[in-house]
Amino acid sequence: MKEKRRSTLIILLSLAFGMLALTFASSALFRLFCEKTGHGGTTQVARKMPTRVENRMITVRFNADTQRDLPWEFKPLQKQITVKAGEVGLAYYHGKNKSSAHTVGMATYNVTPHKAGIYFNKVECFCFLEQHLEAGQETDFPVQFFIDPDIVKDPTMDDVDTITLSYTFFPLAKGTNLKW
Amino acid sequence: MAYAATADYVHVDDHPTGWRRWVLSTNHKDIGTMYILFGAFGALFGSVLSLLIRLQLAHPGGTLLAGEEFQIYNVVITAHGLLMIFFFVMPVLIGGFGNWFVPLMIGAPDMAFPRLNNISFWLLIPSLILLTLSIVVGSGAGTGWTFYPPLSSVGQPGAAVDFMLVSLHLAGASSILGAINFITTIFNMRAPGMTMHKVPLFVWGILITAFLLLLAVPVLAGAITMLLTDRGFGTTFFEPAGGGDPLLFQHLFWFFGHPEVYIMILPAFGVISQVISTFARKPVFGYLGMAYAMVSIGVIGFVVWAHHMFAVGLDVNVNAYFTAATLIIAVPTGIKIFSWIATMWGGSLTFETPMLYAIGFIILFVIGGVTGVTLANGGVDISLHDTYFVVAHFHYVLSMGALFGIFAGFYYWFPKMTGKMIPNWMGNIHFWITFIGVNVIFFPMHFLGLAGMPRRIPDYPDAFSAWNYVASIGAVMTFAGAIYFAFIVFYGFKWGKKAPANPWGEGATTLEWTLSSPPPFHTFETQPHIS
C-alpha cells in the first residue's frame, strides 16, 4: 500500500515538473516553431539563392514602426516594389538617431498575410543584427530578399499578390545578449 | 495503530484539542472544514469587491472607485477575479467538499498524505495575505486577473504586482500538492469492491479536476516565474526589445487558464450529479457516459486555449481550428445536461433546497453554454471579444454555475458535516433571492455586450446606463441574499434540528450517508465492502 502510494507520488510529481520544464522550454520552442512554420508571418533566412524565376508578380510593401522609447526616426525609402517570384529584390530603410546619445536598436519583423511568411526569404537584413546609431547619426538600412518561387505551386497562395514587410525597432536593453 | 491493541481504548473521536487540532491537523474532515471557512471568507471579500464594481457602474460618471485615475477600479476588478477563483471557488469545491467527501465516498480512512494536506491548506493563508497586500501596497495591482504583459511587466512596476504574482505562486503550489493528494487517494485507497467504475461521480469530478490542476498549474507557475524575472531581473521572455514575445505569455496563460475554468466547474458537475440522483431517487442516468464525458471535457480542455486569443491576430486557419475544437466541447457537455434531465425523468422528485440549486444550475449553465457556443466562433468573437457579452457568458457558467454547485453541495452536505438541519423553507427563499438576483445582474450584460460596451471600463456612455442600473440593482439583491445566507447558516448551527444519518431518504446511496451526522472524527471503523 505504502509503496503504491509512493510510486503514484513519484509519477505525479514528475508530471508536474515535466510541465514546468516544458513551460520554460516554451520560449525557445515557440521561436523555433515560428521560424520553421512561418507562423505569425515569420520570415525565412535564405540558405541559398533561388535558382529560377517564375512569371508571378508580387508587390512588396514596406512598413516601419519605432517603439516610443527609442528616439529614432525610421522609415522606408520606397513605398513598395514589385518583384517576380524568385527574383532578388533590394530595398532600403532610413534611420536617424534624433537624440544626443548613442543608442542601440533591434528590429522585430514579420509579413502579412501571415501565410506568406514561409515563402518570404531574406538574404541580408539589418534586422539580423543590433544597430548602433551615434547621436544625430543617419544611416540607410538595406534589406535583400526574394520570394520562394515555389509559391506558385501552393494553391493557398493564389490570392496573394501583395505582401507587407513590417519592422518595429525596439531599444536594446543594456547588457542584453541576443541570439535570435 | 499503536492503540489498536488496547481493546478498551476508544479512539474514534480522539483528537488534539485547541489550536493544535486545526493548525497541526492531518484530519481530512477538519482540513475540509478549514477550506470551507477560508472559502467563505474569500467569497465575502470577493463579493464586497463585486458590489463596489456594480456601485461604480450603477450610473454613468461614477466616482466611487475613480481614485488615482481609476487605478482603484482596476485594482478592484483584478482582486475580485483572483479572489473568486483562487480563494473562493477552488478552496470550497476542491479543498472543502473534496477533502470532506472523497475519502468518505470511496471508503478510505483519510487522504493518502495527511500532512501534505495540511501544507496545502496553510499555504493558502500567506497566499491570501500577499494578495491583500497587492491591493493596498503602492497604487495596487490593476492588471486584470489575466495580467498580460507589457501591462504587468513594464506597465505597473510597483511592488503590488509582485505581491500578486507570488501570491498566485503559493496558491498554485497549494493546488498542485492537493491534486497529487487526491489522485493518490482515489487511485490507491478505495475500499474493497469500489472499482473505478463504481466510485460516485463527485469523486470522478475531483479526480479529473486534480489531473487538470497537475498539468495546468505548473504552466502558470512557469509563466509567472518568467514574468517575475522579466520584471525584476532583466530577462526578456515577453519583451520584444530583447527578442521575447508578449503573445507567448498569452499562450502560456491560457494553456493554464482554459483548463482552469474546467477545474472550477467539474467538481460542481460532480456535486450536481449526486444531488439530482438523490432527489430523483434514481441512480444517475448513463453513469459511464457521465464519467467519460468529464474525462473528454478535461482532455479537450487542453487543446482549445487560443479561443481566448481570437483577436490577437492569429492566422485564419489557426482560428478555424480553435473554433472547431471549442465547439466539440459542447458534445460531452450536452451528454451531461441530457443525462441529468434523464435522471430526473420519471424520478420520484422532491424539491429540497439542494435540488432547487441543482435545477437552477442546469438552467443557468445551459444559458452560459449557449453563449459559449456563440463566442467559440472566431468570427463572431472578433466582434464580441472583451465586451460585456463575454462578462455575461463567463459569469453564467462560473459565477452561477460554480456558485450554484457550491450552494447545492453546501445545503446537501450541511446536515452531514454539522449534524444540524437547515429548514427547507429558509433555504428555498435563499435560492429564489439568489436565482433572481444573479439573473438580474448578468442577463442585461448580454444586451450591453451586444450593444458594444467594453469590459474592464470604469465609466460608459449614457446609452448603456439603463441596463447597467438594472445590473447594479441585481447586485444589491444578490448581496442581500448572501447576508441572509450567513443568517441561515447561523440559524442552522444554533437552532437547527438534529440531523439523522441520512436525512434525504433512499436516494442518498453514497457511503457518507451510512455514517452518523456529523461523522466520527476517524472513519471508517469497519472498512466498507462494496458488492
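**Ground rules.** I number residues from 1 along each chain as its sequence is written, and chains are lettered from A and ligands numbered from 1 in the order in which they are written. Since the model is predicted, local features need pLDDT of at least 70 and side-chain atom pairs count only at pLDDT 80 or more, while totals for chains, interfaces and linings use all residues; side-chain values use heavy atoms, with hydrogens and water left out.

**Entry 1, the interface.** B:Asn188, B:Ala241 and B:Leu248 supply 20% of what chain B buries against chain A, more than any other three residues.

How many salt bridges are there between chain B and chain A? The count is zero, where a salt bridge is a side-chain nitrogen of Lys or Arg within 4 Å of a carboxyl oxygen of Asp or Glu. I did get three residue pairs in polar contact, both residues at pLDDT 80 or more. A polar contact is a pair of N or O atoms within 3.5 Å; within protein, one must be able to donate a hydrogen and the other to accept it, and residues adjacent in sequence count only if both atoms are side-chain atoms.

Helices here are DSSP runs of H or I, at least four residues, and strands are E runs of at least two, numbered from the N terminus.

**Entry 2, strands in chain A.** Pairing needs at least two DSSP bridges between two strands. Strand 5 (residues 88-97) and strand 9 (residues 138-147) of chain A run antiparallel, joined by nine bridges, and I found A:Ala91 opposite A:Val143. Strand 9 of chain A also pairs with strand 7 (residues 120-125), antiparallel again, over five bridges. There A:Lys122 stands opposite A:Phe145.

A:Arg52, A:Glu54, A:Asp150 and A:Lys153 are linked in a network.

In chain B, B:Asp30 meets B:Arg21 at 2.7 Å. B:Asp30 is buried at 3% relative accessibility, whereas B:Arg21 is partly exposed at 22%. My cut-offs are under 20% relative accessible area for buried, over 50% for exposed and partly exposed in between (1.4 Å probe, protein chains only).

B:Glu506 and B:Arg281 bridge at 3.9 Å. B:Glu506 sits after helix 16 (465-495) and B:Arg281 between helix 8 and helix 9 (287-300) of chain B, so the pair ties together parts 225 residues apart in sequence. B:Glu506 is exposed at 60%.

Is B:Asn27 buried or exposed? B:Asn27 counts as buried, because its relative accessibility is 4%. Its side chain reaches the backbone nitrogen of B:Lys29 at 2.8 Å. Not counting residues up to four places away in sequence, B:Asn27 touches B:Asp110, B:Phe521 and B:His522.

Technical notes:
Contact = heavy atoms within 4.5 Å. Buried area = accessible area lost by both parts, 1.4 Å probe.
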